[in-house]
Amino acid sequence: MGSQGRWVYGSGCGESAEPVPGHAYVELVGGPLDGQLLDVTGWSEAELAGGALLATDTGLWGPGGRSDYIPDPSAEGPCSRYVWNGDTP
C-alpha cells in the first residue's frame, strides 16, 4: 500500500502524522476516518481479525463517539484495509 502523504490515526501533538518505516498499517475505508492509516504494529492475528473501535469527534455521535472498523470482507489473504461498519456512542 502506498502510504506517503497519508495521516496516521491517533497522531497527537508532538507525534509524527506520517507513517513510520518498519511499522504495519491498515487503511481505514469509509466513515469519518476514511483514508487514514491505523498503526497495527505488534497486533496478533486475533487482534487484527477483531477490527478496531476508534474514538472520533466527527462521527454520528460527535465528541466521545466511536467508529467501528472491521477487516475488509472482500480481502483475500492478509487484510490491509478495515472498512467502516457504523458508529456507536
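Residues are numbered from 1 along each chain as its sequence is written, and side-chain values use heavy atoms, with hydrogens and water left out. Because the model is predicted, local features need pLDDT of at least 70 and side-chain atom pairs count only at pLDDT 80 or more, whereas totals for chains, interfaces and linings use all residues.

Of the 89 residues in the chain, 29% are buried; buried means under 20% relative accessible area, exposed over 50%, and partly exposed in between (1.4 Å probe, protein chains only). The accessible surface comes to about 5,300 Å², of which 54% belongs to carbon and sulfur atoms; such areas come from the Shrake-Rupley method with a 1.4 Å probe, and for residues only the protein chains shown count as cover. Among contacts (heavy atoms within 4.5 Å) with a separation of 6 or more, 39% are between residues 24 or more positions apart.

The five strands form an open, mixed sheet in the order 2-1-5-4-3, two strands being paired if DSSP finds at least two bridges between them. Strand 2 (37–39) and strand 3 (52–56) each have a single partner strand and stand at the edges, so one side of each lacks a neighbour in the sheet. From one strand to the next, the twist averages 40 degrees; axes are lines fitted to C-alpha atoms, and angles run from 0 to 180 degrees between N-to-C directions.

Strand 1 (residues 25–29) runs antiparallel to strand 2 and is joined to it by three bridges. Within this pairing, tyrosine 25 is the bridge partner of aspartate 39, and glutamate 27 is that of leucine 37. Strand 1 also runs parallel to strand 5 (residues 81–88), again with three bridges; here leucine 28 is partnered with tyrosine 82. Four of the five residues of strand 1 are buried, so this strand is largely enclosed by the rest of the structure.

The largest nonpolar core comprises nine residues: Val26, Leu28, Leu33, Leu38, Val40, Ala52, Leu54, Tyr69 and Tyr82. A nonpolar core is a set of buried Ala, Val, Leu, Ile, Met, Phe, Trp, Tyr and Cys residues joined through side-chain atoms within 4.5 Å. Strand 1 and strand 3 are the elements that give two or more residues to this core. Not counting residues up to four places away in sequence, alanine 52 touches Leu38, Trp43, Ser67, Asp68, Tyr69 and Tyr82.

Serine 67 lies in strand 4 and is buried, with a relative accessible area of 0%. Its side chain makes a polar contact with the side chain of aspartate 87 (2.5 Å). A polar contact is a pair of N or O atoms within 3.5 Å; within protein, one must be able to donate a hydrogen and the other to accept it, and residues adjacent in sequence count only if both atoms are side-chain atoms. Beyond four places in sequence, serine 67 touches residues including Pro32, Leu53, Trp84 and Gly86.

Proline 78 is placed in the loop between strand 4 (65–71) and strand 5. With a relative accessible area of 79%, proline 78 is exposed. Its C-alpha atom is separated by 9.4 Å from that of leucine 48, 30 residues apart along the chain.
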